[in-house]
Amino acid sequence: MIFMRKNLFCAALLLILTVFLSGCKRDKSLNIELDNSEPLALAVDIEWAVLSEPYVTFRDVQEWDGKESGHGKKGDVLQVKGYSYSSTNEKWVKFEKGYLPLKSVQIFTNKFQADKVGKGYTEE
């Protein structure tokens, strides 16, 4: 009688485990693919910025009275080239087009994050 109860218990336990484990199959259709068109998108030493103001003017130096060197609009995603401080100790961000004050941008550690935020700005 005890032997039969143990067998019944083991059979029930085996059935329960089989039901639980069969529901844990991996769905291969959910593979994540990253866009490899930008080789620096996930580089750990590269930062990306999203312009957060409706319209910005890049300057050739990190000062408000610097010469205009380009323009951008809210949602544009740019690679950060460096940082600098103005004569009034205001932090500026350097891009290919020139400098912008830090308060005009949002900084991200990878391009995918920046692209997502940038798209959100353009959909507003």
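1. Order of elements. Along the sequence, the protein chain of this predicted model runs α-β-β-β-β-β-β-β-β-α. That makes two helices and eight strands. The chain has 124 residues, and buried residues make up 30% of them. Take the contacts between residues at least 6 apart in sequence: 56% of these join residues at least 24 apart.

2. Helix α2, span. Helix α2 covers residues 111-122, which is 12 residues. From first C-alpha to last it reaches 16 Å. The expected span, at 1.5 Å a residue, is also given as 16 Å, and the model is close to it.

3. Helix α2, buried face. Which residues of α2 are buried? They are Lys111, Ala114, Gly118 and Tyr121. Seen down the helix axis, the buried residues of α2 fall within an arc of 80 degrees, so they line one face. An α-helix has 3.6 residues a turn, so residues three or four places apart point the same way.

4. Helix α2, start. Look at Asn110. A side-chain oxygen of Asn110 comes to within 3.0 Å of the backbone nitrogen of Phe112, at the start of α2. Lys111 is buried, and Lys111 also lies over the face of Trp48, at 5.7 Å from the ring centre.

5. Lys91 sits over the face of Tyr83. The distance from the ring centre is 4.5 Å.

6. Aromatic pairs, Phe58 and Phe95. How many aromatic pairs does the structure hold? There are two. In one of them, the ring centres of Phe58 and Phe95 are 5.9 Å apart and the planes meet at 85 degrees, so the pair is edge-to-face. The cut-off for that label is over 60 degrees. Phe58 belongs to strand β2 (residues 55-59), while Phe95 is in the loop between β6 (91-94) and β7 (99-101).

7. Aromatic pairs, Trp64 and Trp92. Trp64 and Trp92 also form an edge-to-face pair. Centre to centre, the distance is 5.1 Å, with 65 degrees between the planes. Trp64 lies in the loop between β2 and β3 (68-73), and Trp92 in strand β6, so the pair ties together parts 28 residues apart in sequence. Trp92 counts as buried, at 0% relative accessibility. Trp64 is partly exposed, with a relative accessible area of 47%.

8. Backbone, Asn89. Most residues other than glycine have a negative phi. Asn89 is placed in the loop between β5 (82-85) and β6. Its relative accessible area is 59%, so Asn89 is exposed; the cut-off is over 50%.

Methods:
Residues are numbered from 1 along each chain as its sequence is written. This is a predicted model: local features need pLDDT of at least 70, side-chain atom pairs count only at pLDDT 80 or more; totals for chains, interfaces and linings use all residues. Side-chain values use heavy atoms; hydrogens and water are left out. Helices (H or I, at least four residues) and strands (E, at least two) are DSSP runs, numbered from the N terminus. The expected span of a helix is 1.5 Å times one less than its number of residues. Buried means under 20% relative accessible area, exposed over 50%, partly exposed in between (1.4 Å probe, protein chains only). The arc is that of the directions from the helix axis to the C-beta atoms. A polar contact is a pair of N or O atoms within 3.5 Å; within protein, one must be able to donate a hydrogen and the other to accept it, and residues adjacent in sequence count only if both atoms are side-chain atoms. Rings of Phe, Tyr and Trp (its six-membered ring) pair if their centres lie within 6.5 Å; planes under 30 degrees apart count as stacked, over 60 as edge-to-face and the rest as tilted. A charge sits over a ring if NZ of Lys or CZ of Arg is within 6 Å of the ring centre and within 35 degrees of the ring normal. Contact means heavy atoms within 4.5 Å.
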